[in-house]
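Biologist: I am new to this one. Please show me the structure, and then let me ask about it piece by piece.

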Amino acid sequence: THGGNFIVTAENPEGPWSDPYFLEGAEGIDPSLFFDDDGKAYYVGTRPNPEGVRYNGDWEDWVQELDLNTMRLVGESHKIWKGALRDAIWPEGPHLYKIDGYYYLMIAEGGTGPEHAVTIARSKSIFGKYEGCPRNPIITHRHLGKSYPIKHVGHADLVKTQDDKWFMVMLASRTCEGYCNTGRETFLAKVIWEEDGQ
């Protein structure tokens, strides 16, 4: 309601920071940026189904090239995934990575509640077609029951350390006497890549 999604830049983390570059056409939520090894940058986001929202959470993940000189989206936007489940709700929080020749798209889906999960898909092309991991979701607590102390796991990001170890940071909630008093917190899990890259 105040202009939409935007980017601010700085030469140093402590600033000074630029005025916002509002991105025309960058509708939706949960944007992230991906920088490819050819120097191109891409905007990745979540938007309502352009053909019409058929149910609550009928959204899709999409990508479009971002011109870093003009701070504008260029070319066509491309729908890249709607989640691992059929009629998944809220396929959100997308992050793109390029690993061993594949583009990996990791998202949250299921809504920020008991059905929340992290799912992943990959493609040889940034614009797809993305194929979901056959073992999706790659992390969730939805099957552990209402009394499990950590729940609502989702919205993850991958981190590779300087010694080539992989970790996932994610959001989750803890309950105390039936309530999530501290809201969503940050959790960490070790990631092991299987031989087939999934």
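The questions below go through strands, turns, rings and peptide bonds.

Biologist: What kind of model is this, and how are residues numbered?

Modeller: This is a predicted model, where local features need pLDDT of at least 70, side-chain atom pairs count only at pLDDT 80 or more, and totals for chains, interfaces and linings use all residues. Side-chain values use heavy atoms, with hydrogens and water left out, and residues are numbered from 1 along each chain as its sequence is written.

Biologist: Is S8 enclosed by the rest of the structure or open, and how many of its residues are buried?

Modeller: Strands here are DSSP E runs of at least two residues, numbered from the N terminus. Buried means under 20% relative accessible area, exposed over 50%, and partly exposed in between, with a 1.4 Å probe and protein chains only. S8 is largely enclosed by the rest of the structure, because the buried count is seven of its eight residues.

Biologist: How many bridges join S8 to S9?

Modeller: Two strands pair if DSSP finds at least two bridges between them. S8 and S9 run antiparallel, and the number of bridges is seven.

Biologist: Which residue in S8 is the bridge partner of His-95?

Modeller: S7 and S8 run antiparallel, joined by six bridges. They form a hairpin with two residues between them. Across it, His-95 is bridged to Met-106.

Biologist: What is phi of Asp-100, and is the residue buried or exposed?

Modeller: Asp-100 sits in the loop between S7 (92–99) and S8 (102–109). Its relative accessible area is 76%, so Asp-100 is exposed. Its phi is positive, although the residue is not glycine, and lies near 50°.

Biologist: Where is Asp-164, and what is its phi?

Modeller: Asp-164 is in the loop between S12 (150–160) and S13 (166–174). Asp-164 counts as exposed because its relative accessibility is 55%. This residue, other than glycine, has a positive phi near 65°.

Biologist: How many aromatic pairs are there, and why is the pair of Phe-6 and Phe-22 tilted?

Modeller: Rings of Phe, Tyr and Trp (its six-membered ring) pair if their centres lie within 6.5 Å; planes under 30 degrees apart count as stacked, over 60 as edge-to-face and the rest as tilted. A search of the whole structure finds nine pairs. For Phe-6 and Phe-22 the centres are 5.4 Å apart, and the pair is tilted because the planes meet at 55°.

Biologist: Which residue lies over the face of Tyr-102 at 3.9 Å from the ring centre?

Modeller: A charge sits over a ring if NZ of Lys or CZ of Arg is within 6 Å of the ring centre and within 35 degrees of the ring normal. Lys-124 has its charged end over the ring of Tyr-102, 4.2 Å from the centre. The residue at 3.9 Å is Arg-122.

Biologist: What is omega for the cis bond between Asn-136 and Pro-137?

Modeller: Pro-137 lies in the loop between S10 and S11 (139–140). The cis peptide bond from Asn-136 to Pro-137 has omega near -5°.

Terms used. Helices (H or I, at least four residues) and strands (E, at least two) are DSSP runs, numbered from the N terminus.
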